[in-house]
Amino acid sequence: MKHVERRWYPLSGHQTTAPPRGAVAAAKKPPPIDPLTGPRFALAGRIVTMDDSFTVLDDGVVYVDQGTIVAVQDRARKPPAEFVGVQVVETGGSIYPGLIELHNHLSFNALTLWSPVPKLYQNRGQWPKHPDYRRLISGPMTVIGEHRDAKGNAALIAPLVRYVECKCLLGGVTTSQGIMLNSNAGIRRYYRGILRNVEQTDDPLLSEAQARIDDVDAKSARSFLKRLNKEDSCFLLHVSEGITPDGETESPARKHFLALEVAPDEWAINDRLAAIHSAGLLPEDFEVMGKLKGSMVWSPLSNMLLYGATARVDAARAAKVRIGLGSDWSPSGSKNLLGELKVAWLYSQHMLGNLFTARDLMAMATRDAARILKWEDALGSIESGKRADLVVMDGVAGEPFEAFIRAKETDIRLVVINGVARYGTPSAMQALGVKGEALKVGGQSRQVFLAQATGDPDVGQVSLKAATAALKKAFKNLKSLAREIEKPKVRRASLLSADAPRRAVWALALDEIKDTGVDQRPRLPFAGPRDFTGPNLQAASAKSPPLSTILGPIELDPLTVADDPDFLARIASEPNVPEAIRAGLPHLY
């Protein structure tokens, strides 16, 4: 098949055919995405490399050229020849690899915490049936994704993308899951945005993970195993969402995992499966995962808010299952991965007897996450030859791994993605020759640099300030927007020519709310050919009343905990969260 160049402009650009998997790597190697066109730069500070030896340079320099780390060394050493004469930028802080988040439903991250969670649930099929779920979560996002302006454009999707990506940046996240769109032509696309997207990297050294599976394969154990065995990166799929109480063996959540056994001692698990949540697994299940080299993604706060417990990560560690982290989504999770690290650390201290050190947890958000994605040759640590994804935290005192987890959002001095300064203090951004959009975080001045030559042009036209204003207005007027969607006006332009080419109309791919033809989890049969595990959420929502009859104004979730006076109070009032977490979290902010 002839290679056709991809363009990632889902709202306004033309559609082209994506090359077969692996074709990009075989073609001429392209440069890194958005390389710097300006001078090389060097950052000085305490460098926490997260390499195989967890090397820490108390006074070191990271040399970067066109998105790639050229060298990492003590300041006393002579710089690489090409950096002679390049002024070293003094960060006055500690330099870490950028945080890699393996699970986040970013489309929902404009929503506030669902507080209080109405009751204690046992599995994923229960809480979406509560009336508040549609009123506060699925309903508002359906309106945001489907709303059209007077010209028929999806006017709120670009502001949403801008807002939730900045929300990640302000927490030190440089990689997360992407935002998918569906069109009326049956085409799926991911946004090309500021963050690295695990599902669409456009980089030959970063294989693209899968986070959804075709419905047919998701419902057939043999097809699912066959699909897994073809994957060359990883499958980030929801598995066993819910809990298995002590003494039980066949909870709905655990049955979802047990259905992965295709035949006696033959499992649809391999080193490409990254099981998101895994909260219903028993120790013997993790032994299976470890034996078959599967990995997992841990989202402790979301699990505890909904189920009062989280995955048996002590058993996962004993079975040598590699663990990554994800904050899940803002309706029942942390605002960013920095916050999720704090929750995981408190859980380790108070529930697991300090089983995971601060260094262990930092590895889950950097080097271990990169290994799960098969990205360890390019990301996850600060080493020569790797992509320059960096986070600078204020200060150099204290044990460096614990210092990161204890850091506040206002301690983030700089975030660099692929050698481009994307967020930081005005002085840090100016030192790297970048001037971004001004904003305040916890009352402190910051800048965010959003220009991106290869990015989606619709998002590129939207400032963070404009995105915030658009979403606030939309959330205030959800009822009227829902009414417009339910009773659309016939536009004159649509009547001009019946022979005109069909215009692509895009909407958010809100999995499990609308049928998108793909699923985020396997729904394999357990006790019989039609005994499918996992919830069927589309069937439940299809019987619900019109959104215009239930929606009302809601608040836009603030970008950070530093700017949200209610967040910690809401967590403190959540009865499902253990007291040690509720009481300890404010001390880490």
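Two strands pair if DSSP finds at least two bridges between them. Helices (H or I, at least four residues) and strands (E, at least two) are DSSP runs, numbered from the N terminus. The model shown is predicted: local features need pLDDT of at least 70, side-chain atom pairs count only at pLDDT 80 or more, and totals for chains, interfaces and linings use all residues. Residues are numbered from 1 along each chain as its sequence is written, and side-chain values use heavy atoms, with hydrogens and water left out.

**View 1. Strand S14 and its parallel partners.** Strand S11 (residues 235-239) runs parallel to S14 and is joined to it by five bridges. Val-239 has His-277 of S14 as its bridge partner. S14 also pairs in the parallel sense with strand S15 (residues 295-298), over three bridges; here Ile-276 stands opposite Val-297 of S15. Strand S14 (residues 273-277) is mostly covered, with five of its five residues buried (under 20% relative accessible area, with a 1.4 Å probe and protein chains only).

**View 2. The β-α-β unit.** S14, helix H7 (residues 283-291) and S15 form a right-handed β-α-β unit. Right-handed means that, with the strands pointing away from the viewer, the path from the first strand over the helix to the second runs clockwise.

**View 3. An open sheet of three strands.** The strand order is S5-S6-S9, with parallel pairing. Strand S5 (99-100) and strand S9 (196-197) are the edges, each with a single partner strand, so one side of each has no neighbour in the sheet. Two bridges pair strand S6 (residues 173-176) with S9 in the parallel sense, and the bridge partner of Ser-176 in S9 is Asn-197.

**View 4. Aromatic pairs.** Rings of Phe, Tyr and Trp (its six-membered ring) pair if their centres lie within 6.5 Å; planes under 30 degrees apart count as stacked, over 60 as edge-to-face and the rest as tilted. The whole structure holds eleven aromatic pairs. In one of them, the ring centres of Tyr-96 and Phe-404 are 4.7 Å apart and the planes stand at 70°, so the pair is edge-to-face. This pair links distant parts of the chain, 308 residues apart: Tyr-96 lies in strand S4 (residues 88-97) and Phe-404 in helix H13 (residues 400-406). Both Tyr-96 and Phe-404 are buried. Elsewhere, ring pairs link Phe-108, Trp-114, Trp-127, Tyr-133 and Trp-329 into a cluster.

**View 5. A charge over a ring.** The charged end of Lys-342 sits over the ring of Tyr-589, 5.2 Å from the ring centre. The criterion is NZ of Lys or CZ of Arg within 6 Å of the ring centre and within 35 degrees of the ring normal.

Definitions and conventions. Buried means under 20% relative accessible area, exposed over 50%, partly exposed in between (1.4 Å probe, protein chains only).
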